[in-house]
Amino acid sequence: MMQKDETTSPRMQYSLDTDFGDFLGEVEPVNYQDNWLNPSCYPEPIFDRFTNWWTSIHFCPVSCLQFRGNTLASGSIEKVIKIWDINLITCPNTLFGHEGPIRCLKFEGSHDQSANTSKPNGIVPEQSPDANHTSNPSSTNINEQIQQHKDLAASKEYSSNVKTQNLNANTVFNTSQSQLANSNPTVSNDLIVSGADDFRIKLWQLSSGYPLLTLKAHTDRVCCIALLPNLILSGSGDTNVNVWKRSIAPGSSTAPISTLKGHKGSIWCIAVADEEQTPEGNTVRRVVTGSADETVKVWDIERGTVINTMVGHKISVASVGVYGDRIVSGSLDRSIMIWDMRQGGQAGPVRKLVEHTGAVGCVQMDDVKVVSGSADECVKIWDLRTLSSSTQADHGTTIRSVNTIRQDTAVACLQFDKARLAVGTRKKLKMFDYSI
């Protein structure tokens, strides 16, 4: 790893109350893109944990991950979510409750650039220790409601089929988005949303392991989720994207407010795009999806219509990322394609990235790079700075990667911020720091 002068480039410190990559204290921001795109830069992992959490023999494959501040959350095939302290390399909490493998995670506020009783297409409330007890969300904030349920659970004998750590009760209440905004600012940093093969979406409080609500979301596995300030979007093996209003209160409809229909195969991935202004001055909220039908679609969320369809991959699209008007898609056909939403699907991909020798299961992009992970046990970093000076003759040509970080097994998931890269494989969770 390239050495840096610690007096001019201090190592970043992270906290739950900061956004991705923010510094604590009076430290000037530093641009680490030179490290990311330096072919000679090979960072050592600052977090490195085997995933044999249950026994010393059997490994628990990581299926998804998310990090923010000093907290890393990982979902596994073994139906649990692990909450990690990145600095201490410890696991202070485990979330139990899903009845199928965890497929996706998203922190509340990170808007992208089986239970006991079910209600069709709606919230699945965990059984309350007192059937006559209800909380009044109009008179109390989210912290007070959580405490009410804890106090109630502590005062009565209660058991549940859904296990949580550090709690002897598992009840659900519904809180509106306005209440979240008016409560303690750190509360939203303490919430995470998950989706699983049990067809359900859960909203958790990380500090307590407490499930605040469960949605019976689909008729097949929940493969991916995305968050907007007042919406949850979920893609599924049932070929639909359901749009849920997060200001759900007792007595309100528990059905999704809309369903995006158009894909002919399972929807494996979803990402929120920037809003678009129409010539008439209207704002269009957009979302991008990738599917087993080999296509990438751009949707108008409010209208529920397809804006563009990108065709080019030969097998399922497993991952998509968005930055500005660019889309990056990774496929089981081993290729990565970059698209321009302004040109539409008929123009074809702007660039093709074709060095992986295995299925590409995860991609993310920003203004200067793409980071990809594959079944070939490699993470690759690609330099996009040449796109700004490209001509029409370059359309559809390939870009070579600038760096490869080899892993122990197939790469299942990854995420990066300004200076850190988290990678999940069948055997390990790792985090690399490009600031040192």
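A residue counts as buried when its relative accessible area is under 20%. The exercises below use this cut-off on a predicted model.

**Exercise 1. The aromatic pairs**

Task: State how many aromatic pairs the structure holds, and describe the pair formed by tryptophan 36 and tyrosine 434.

Solution. 
Step 1. The count of aromatic pairs is 3.
Step 2. In the pair of tryptophan 36 and tyrosine 434, the ring centres are 3.9 Å apart and the planes make an angle of 15°. Planes under 30 degrees apart count as stacked, and this pair is stacked.
Step 3. Tryptophan 36 and tyrosine 434 are both buried.
Step 4. Ring pairs also bring in Phe416, giving a cluster of Trp36, Phe416 and Tyr434.
Step 5. A charged residue is found here too: lysine 369 lies over the face of tryptophan 36, 4.6 Å from the ring centre.

**Exercise 2. A pair between two strands**

Task: Classify the ring pair of phenylalanine 47 and tryptophan 84, and say which parts of the chain the pair ties together.

Solution. 
Step 1. The ring centres of phenylalanine 47 and tryptophan 84 lie 5.7 Å apart, with the planes at 85°, so the pair is edge-to-face.
Step 2. Phenylalanine 47 belongs to strand β1 and tryptophan 84 to strand β4 (residues 81–85), so the pair joins parts that are 37 residues apart in sequence.
Step 3. Phenylalanine 47 counts as buried because its relative accessibility is 0%. Tryptophan 84, at 2% relative accessibility, is buried as well.

**Exercise 3. The sheet that contains β31**

Task: Give the strand order of the sheet that holds β1 and β31, then describe the partners of β31.

Solution. 
Step 1. The sheet is open and has 4 strands, in the order β1-β31-β30-β29, with antiparallel pairing.
Step 2. β1 and β29 are the edge strands, each pairing on one side only. On average, neighbouring strands of this sheet are turned by 10° against each other, direction ignored.
Step 3. Strand β1 (residues 45–50) is joined to β31 by 5 bridges and runs antiparallel to it. Across this pairing, aspartate 48 stands opposite lysine 430, and phenylalanine 47 stands opposite methionine 431.
Step 4. Strand β30 (residues 420–425) also pairs with β31 in the antiparallel sense, over 5 bridges. β30 and β31 form a hairpin, with 2 residues between them.
Step 5. Of the 6 residues of β31 (residues 428–433), 6 are buried. Lys428, Lys430 and Phe432 point one way, while Leu429, Met431 and Asp433 point the other way.
Step 6. Lysine 428 lies over the face of phenylalanine 50, at 4.4 Å from the ring centre.

**Exercise 4. The largest nonpolar core**

Task: Find how many residues the largest nonpolar core has and which element gives the most to this core.

Solution. 
Step 1. The largest nonpolar core has 18 residues.
Step 2. Among those with the most contacts inside this core are Trp36, Val371, Leu421 and Tyr434.
Step 3. β26 (378–383), β29 (411–416) and β30 are the elements that give two or more residues to the core. β29 gives the most, with 3 residues.

**Exercise 5. The sheet that contains β3**

Task: Determine the strand order of the sheet that holds β2 and β3, and explain why one side of β2 and of β5 is left without a neighbour.

Solution. 
Step 1. The order is β2-β3-β4-β5, in an open sheet of 4 strands with antiparallel pairing.
Step 2. β2 (62–68) and β5 (90–95) each have a single partner strand because they stand at the edges, so one side of each has no neighbour in the sheet.
Step 3. Neighbouring strands here are turned by 20° against each other on average, direction ignored.
Step 4. β2 and strand β3 (residues 71–76) run antiparallel and are joined by 6 bridges. Leucine 65 stands opposite serine 74 in β3.
Step 5. Serine 76 is also found in β3 and is buried, with a relative accessible area of 0%. The side chain of serine 76 reaches the backbone nitrogen of glutamate 78 at 3.1 Å.

**Exercise 6. Proline 211**

Solution. 
Step 1. Proline 211 and leucine 191 are 20 residues apart in sequence, and their C-alpha atoms are 9.5 Å apart in space.

Terms used:
Residues are numbered from 1 along each chain as its sequence is written. This is a predicted model: local features need pLDDT of at least 70, side-chain atom pairs count only at pLDDT 80 or more; totals for chains, interfaces and linings use all residues. Side-chain values use heavy atoms; hydrogens and water are left out. Two strands pair if DSSP finds at least two bridges between them. Axes are lines fitted to C-alpha atoms, for helices over the stretch in contact, and angles run from 0 to 180 degrees between N-to-C directions. Buried means under 20% relative accessible area, exposed over 50%, partly exposed in between (1.4 Å probe, protein chains only). A polar contact is a pair of N or O atoms within 3.5 Å; within protein, one must be able to donate a hydrogen and the other to accept it, and residues adjacent in sequence count only if both atoms are side-chain atoms. Rings of Phe, Tyr and Trp (its six-membered ring) pair if their centres lie within 6.5 Å; planes under 30 degrees apart count as stacked, over 60 as edge-to-face and the rest as tilted. A charge sits over a ring if NZ of Lys or CZ of Arg is within 6 Å of the ring centre and within 35 degrees of the ring normal. A nonpolar core is a set of buried Ala, Val, Leu, Ile, Met, Phe, Trp, Tyr and Cys residues joined through side-chain atoms within 4.5 Å.
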